[in-house]
Amino acid sequence: MTQYVGAIDQGTTSTRFMVFDHAGREVARHQLEHKQILPQAGWVEHDPVEIYRRTCETIEGALSKANLTAKDLAAVGITNQRETTVVWNPNTGEPLYNAIVWQDTRTDRLMHKLEQDGAGATIRRKAGLPPATYFSGGKIQWILDNVSGARAAAERGEAVFGNIDTWLIWNLTGGAGSGAYITDVTNASRTMLFNLETLDWDDELLALFNIPRRMLPAIRPSSDSTFYGMTQRDGAFKGEIPLCADLGDQHAATVGQVCFAPGEAKNTYGTGNFMLLNTGESIVPSHAGLLTTVCYKLGEAHSIYALEGSIAVTGSAVQWLRDQLGIIKQAGDIEALANSVIDNGGVYFVPAFSGLYAPYWRADARGCIVGLSRFNDKGHLARATLESICYQTRDVLDAMTKDSGVRLELLKVDGGATVNDTLMQMQADVLGVSVVRPVVAETTALGAAYAAGLAVGFWTDTEEMRRNWQAGKRWEPRWSADQREEGYAGWQKAIERTLNWIDV
């Protein structure tokens, strides 16, 4: 009896497999981290083989914990860290190079040249994205141009590209010889190679990056009743299950937060922060530094679009305090340390480790800590780190208001950092709006499960999913308007100090 739906959630620092029941409640999970490979400053890589191995281990672990088998699952969906780029040989399954992670900045000069040459306007008009190191297109070009034999292999059909979703789906459905070689519209829309209007790869964009069309996967809906493929009997699931949903992580979280109506928005707090505003069937160009992206496509229905504000470093700034500075032992320790002081003591921390993303898009920026005096201690730095997450979110929300005309009075939040009550209260204070965390905060995996279940009739429609959503905790603003604006003015001064640090 198929009582449940499974979801693979492959993230920047870890992979988990989760199982949900019809009410959207978590039944089981297993999670494992993978290695962060940092060959030199600005370079961030993952081992795609390790990621696939960890994925299999999390599937086996979660099913074992709950005493479940493949027969208990109606369907499986996948959600993934977006833009992280894998190129591999489809005949052998061997990657030609490590996966280049979305945070990687090695293509900064290439992006700068595209902008200088006037190609930025074309990329924005067709793909809804600025030329930036963030996206997949430049990473593919780097591999083709810098890995020995890669371009010749691509021309022969012996090198193919995928974001992590494509890599995992291909492996889980059979790999070399039989694996489904696909991506969905949300992941495709993060490459700079995808046309938002035609919902297909664009030859003009491909030419800008000198990428052969034959090395790109087929594009499918995010929820597909015809299935991408079946999991293999001898694979991690030890049985055949329809693999029929695929969404980039932030799009999946939007579905998990049931933001199905235009004007509804969510903010996910993870390695970075990502706010998406549903704009319905309308492609809304941004004039305020946001991204225009596909939000999701459920079966044969029209594609739904979104405005997105992407912030590179939020949760990873807390990891930096833990791993590089050693001032906390565990990420959760930051809350108590931040509460050891009454305010930031005049300290601002802009964690522009990979430059600044939305709404600035400044690859020349680098992180800085400003306002230090002899008075300050590690408590002030901890508090400034949490505040940096909140202020970056305000930057994005202000830009979203300018582009859409929608003034939010309620922000739905999700992701690992939302367990930090102090951070969530700060967020309400900095924004001046109510902040609400749902009962099920792991909405990224839930969104992938919803899309998969919808494809096989486990859930009948989006309204059924909406009825599952329940508010868990709510935070109301406490700051006065004067406090809010004084704090934000200091943040804007700090942002100015980060600019023009790197020559590009």
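Predicted model: local features only at pLDDT ≥ 70, side-chain atom pairs only at ≥ 80, totals over all residues.
Q: Which residues of H12 meet H13?
A: On the H12 side, the residues in contact are Arg383, Leu386, Glu387, Ile389, Cys390, Tyr391, Thr393, Arg394 and Leu397. Their counterparts in H13 are Thr422, Leu423, Met426, Gln427, Val430 and Leu431. By class, this contact consists of nine nonpolar, three polar and three charged residues.

Q: What makes strand E18 a mostly covered strand?
A: Of the eight residues of E18 (residues 304-311), eight are buried. Ile304, Ala306, Glu308 and Ser310 point one way from the strand, and Tyr305, Leu307, Gly309 and Ile311 point the other way; all are buried. In a regular strand the side chains alternate between the two faces of the sheet.

Q: How do you know that E18 pairs with E16 and with E17?
A: Two strands pair if at least two bridges are found between them. E16 (residues 273-280) and E18 share seven bridges in the antiparallel sense. Within that pairing, Asn273 stands opposite Ile311, and Phe274 has Ser310 as its bridge partner. E17 (residues 291-296) is joined to E18 by five bridges, and these strands also run antiparallel. Here Tyr296 stands opposite Ile304.

Q: What makes E17 and E23 the edge strands of their sheet?
A: The sheet is open, with seven strands in the order E17-E18-E16-E15-E21-E22-E23 and mixed pairing. E17 and E23 (471-475) each pair on one side only. From one strand to the next, the twist of this sheet averages 30°.

Q: Why do E3 and E13 stand at the edges of the sheet of six strands?
A: That open sheet has the order E3-E2-E1-E5-E14-E13, again with mixed pairing. E3 (26-33) and E13 (229-230) each have a single partner strand, so one side of each is left without a neighbour in the sheet.

Q: In what sense do E2 and E3 pair?
A: E2 (residues 14-20) and E3 pair in the antiparallel sense over seven bridges. Arg16 stands opposite Gln31 in this pairing.

Q: What makes H6 a mostly covered helix?
A: H6 (residues 164-172) has nine residues, and nine are buried. The buried residues are Ile164, Asp165, Thr166, Trp167, Leu168, Ile169, Trp170, Asn171 and Leu172. The helix is followed by Gly174, whose phi is positive, near 135°.

Q: Why does Ala449 count as buried?
A: Ala449 lies in H14 (residues 443-455). Buried means under 20% relative accessible area, and Ala449 has 0%, so this residue is buried. Its contacts, leaving aside residues up to four places away in sequence, are Val5, Gly6, Ala7, Phe20 and Trp459. Ala449 and Phe20 are 429 residues apart along the chain, yet their C-alpha atoms are separated by 7.2 Å.

Q: Why does His46 count as buried?
A: His46, found in E4 (residues 45-46), has a relative accessibility of 0% and therefore counts as buried. Beyond residues up to four places away in sequence, His46 touches several others, including Thr12, His34, Gln81 and Asn98.

Q: How do you know whether Thr105 is buried or exposed?
A: The value for Thr105 is 7% relative accessibility. Since the limit for buried is under 20%, Thr105 counts as buried. This residue is found in the loop between E7 (99-100) and H2 (108-116). Thr105 touches Gly42, Thr133, Ser354 and Arg366, residues up to four places away in sequence not being counted.

Terms used: Residues numbered from 1 in each chain as written. Heavy atoms only, no water. Contact = heavy atoms within 4.5 Å. Helix = DSSP H or I, 4+ residues; strand = E, 2+ residues; numbered from the N terminus. Nonpolar A, V, L, I, M, F, W, Y, C, P; charged D, E, K, R; others polar. Buried < 20%, exposed > 50% of the residue type's maximum accessible area, 1.4 Å probe, protein only. Axes fitted to C-alpha atoms, helices over the stretch in contact; angles between N-to-C directions.
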